[in-house]
2 protein chains.
Amino acid sequence: MSAVSTPPGPPSAPARRDAEATKAAILKAARHLLARHAHADITLKDVADRAGVSAPLVLKYFGNKESLFARVMSFDTDAAALLAAPLDDLGRHMVRHVLESQRDRGADPLLRIVFAPLHGDHGDVLRANFRAHVVDSLAARLTGPDPDLRAELAVAQLIGLGVMYGIARGPRLRDATITDIADRYGPAVQTQLTP
Amino acid sequence: MSAVSTPPGPPSAPARRDAEATKAAILKAARHLLARHAHADITLKDVADRAGVSAPLVLKYFGNKESLFARVMSFDTDAAALLAAPLDDLGRHMVRHVLESQRDRGADPLLRIVFAPLHGDHGDVLRANFRAHVVDSLAARLTGPDPDLRAELAVAQLIGLGVMYGIARGPRLRDATITDIADRYGPAVQTQLTP
């Protein structure tokens, strides 16, 4: 069977990957612009130009500017991957997840919160989503006293790791293996989770 | 003796305090602008206007724009205060120092590093100073294996604490006493210092 006669059907795996890559490029462009310009000053065309796609394609995938920006301001899918481990191994898992995300994508699921001051009024949307999607989701997993405070402190450790890797670009951290760092840093995070 | 007849001499304590407050206001204004605009786009007058002083006063205290910005990009005086404790109590001290700085000044000695991506080429100056003044100074205090990596990980924890307090504005962290957080978070930092 030649490629030309491929029957219509669900998108092939490569096509799905292309769509995912395009969506990721659009989100990345929107995050870049939102970290540097006021919300009101950014147009869909700005986002499309930066992502190297057409404005109608942005509309196809994300509906409109507000829904695209709401997606950029959300942490919910990021938090799901961050928290996807049993509680007694969650410290190490979260450390690995932050470092793997930094190494493979040049960003991690938590790092966007550090740019909240640049978003003006929308910074509070980012903060509220961060608390609800990340901190509160983690706190809900914890038992014992002060789960909300312990969740904040555990997440603080993870944010700091991402800043040291991705922003301060600590050379020793970047040269170390992820397993080494998980061994060194994971127990400190775990102490907040299961003291 | 009336105030009018006060003989010339070194500045009085109130005058020194005024000068220190003015210098602090100028540095704060320069940091604010450098976090939001390209280095080349900022004038001394912009800094003076934001600080509520005259441009000649900025020149009097800091010489010129380059020396003012070099000062803003430096961490050396901040690092001295951060590291001013015996090694066996340094984890708790650094946690207290970050939180007291956040509470009293709305900023901490490390947090500026998170804005490195906004400084363009000057971001690398900020990173290099951060490593030399903070991470290397801490590493020089440590004994045992991998002091540079352990210093990066300890500093990562402190950065994260400052982001959670000052940027994400974690409500439980902000409501807790500094002593409570030093008791909870200090030992995790100390583990990197004296494992």
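Me: About how much area do chain A and chain B bury between them?
Reply: This is a predicted model, and in it the contact takes 41 residues from chain A and 40 residues from chain B. Of the area buried between the two chains, 65% lies on carbon and sulfur atoms. The area that chain A and chain B bury between them is about 3400 Å².

Me: Which three residues supply more of the area that chain A buries against chain B than any other three?
Reply: Together, the three residues in question supply 17% of the area that chain A buries against chain B.

Me: Which residue does A:D148 form a salt bridge with?
Reply: Across the interface of chain A and chain B, the rule finds 6 salt bridges. For the salt bridge of A:D148, the closest N and O atoms are 3.6 Å apart, which lies within the cut-off of 4 Å. The partner of A:D148 is B:R172.

Me: Are α6(A) and α8(A) roughly parallel or roughly antiparallel to each other?
Reply: Helix α6 (residues 90-105) of chain A and helix α8 (residues 147-166) of chain A have their axes 10 Å apart and pack at an angle of about 25°. Angles under 35 degrees count as roughly parallel, and therefore α6(A) and α8(A) are roughly parallel.

Me: How many nonpolar residues does the contact of α6(A) with α8(A) have?
Reply: Residues of α6(A), including A:M94, A:V95 and A:L99, meet residues of α8(A), among them A:L158, A:L161 and A:Y165. By class, this contact of α6(A) with α8(A) has 3 polar residues and 1 charged residue, while the number of nonpolar residues is 7.

Notes. Residues numbered from 1 in each chain as written. Chains lettered and ligands numbered in written order. Predicted model: local features only at pLDDT ≥ 70, side-chain atom pairs only at ≥ 80, totals over all residues. Heavy atoms only, no water. Axes fitted to C-alpha atoms, helices over the stretch in contact; angles between N-to-C directions. Helix = DSSP H or I, 4+ residues; strand = E, 2+ residues; numbered from the N terminus. Parallel < 35°, antiparallel > 145°, perpendicular 65-115°, else oblique. Contact = heavy atoms within 4.5 Å. Nonpolar A, V, L, I, M, F, W, Y, C, P; charged D, E, K, R; others polar. Buried area = accessible area lost by both parts, 1.4 Å probe. Salt bridge = Lys/Arg side-chain N within 4 Å of Asp/Glu carboxyl O.
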